[in-house]
Amino acid sequence: MTNRILIIEDEEKIARFIELELIHEGYEVEKCGDGRTGLELAEGGDFSLVLLDIMLPGLNGLEVLRRLRKNSDVPVIMLTARDAVMDKVAGLDQGADDYITKPFAIEELLARIRLVLRRRSYHVHEAPADAPADMLRCGELTLSESRHEVKYAGNEIELTGREFDLLNTLLINKNIVLSRDRLLGKVWGYDYMGETNVVDVYIRYLRSK
Ligand code: CA
């Protein structure tokens, strides 16, 4: 199946350049130069991936992403201006899959597109047929509470009870910022009297596993 990519970018030269490269790589491409139309296309079209510029007429890219994420999990790569660190953080917080800083080498963009599409095809095609109904996912990470089972890229990871509860809480609240206090309340219980840095310690354990 051919991957369809939507380019939302108002700088016609850049959009056209990306379009030609993507077509050359065998993708189907649609492009659009303003945020409002881009959002409609992204919501309505059957796209495998969206390239989304931030500085756009109509709606800016972050607003397009925020609205899009209410009813679509289509992969999104943000195109950001150099040094716009806040835009990158905001984009990732709002559910962008990746970002690339302009000006970029086309090879880098193509590599990121392949990576995001591969991650996505793992979700779609490689979910085991016997996957439990309660399975939570984030990238290649899966967690099933009923089976008390965590896997990364299909390989099981052994977690302690507390680590499991912490990861479960994070996955249930995916894309929501949780403070240390809230995590303490949810995972350790509100009567927990110890240090809040216990959260940092367990996050570290989780990351290393
Ligand atoms: Ca722009």
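Tutor: Strands are counted as paired if DSSP finds at least two bridges between them; strands (E, at least two residues) and helices (H or I, at least four) are DSSP runs numbered from the N terminus. This is a predicted model, in which local features need pLDDT of at least 70 and side-chain atom pairs count only at pLDDT 80 or more, while totals for chains, interfaces and linings use all residues. Residues are numbered from 1 along each chain as its sequence is written, and side-chain values use heavy atoms, without hydrogens and water.

Student: How many bridges join strand 1 to strand 3?

Tutor: The two strands run parallel. Ile7 stands opposite Leu51 in strand 3. The number of bridges joining strand 1 to strand 3 is four.

Student: Which strands stand at the edges of the sheet?

Tutor: Five strands form an open, parallel sheet in the order 2-1-3-4-5. Each edge strand has a single partner, so one side of each is left without a neighbour in the sheet. The edges are therefore strand 2 (28-32) and strand 5 (98-102).

Student: Which residues coordinate the calcium ion?

Tutor: Donors are N, O and S atoms within 2.8 Å of the metal (3.2 Å for Na, K and Ca); water is not among the atoms, so sites may look incomplete. The distances here are 2.1 to 2.3 Å, and the donor spacing in sequence is D-x42-D-x1-M. The donors are Asp10 (OD), Asp53 (OD) and Met55 (O).

Student: Is Met55 buried or exposed?

Tutor: Buried means under 20% relative accessible area, exposed over 50%, and partly exposed in between (1.4 Å probe, protein chains only). Asp10, at 34%, is partly exposed. Met55 has 64% relative accessibility and therefore counts as exposed.
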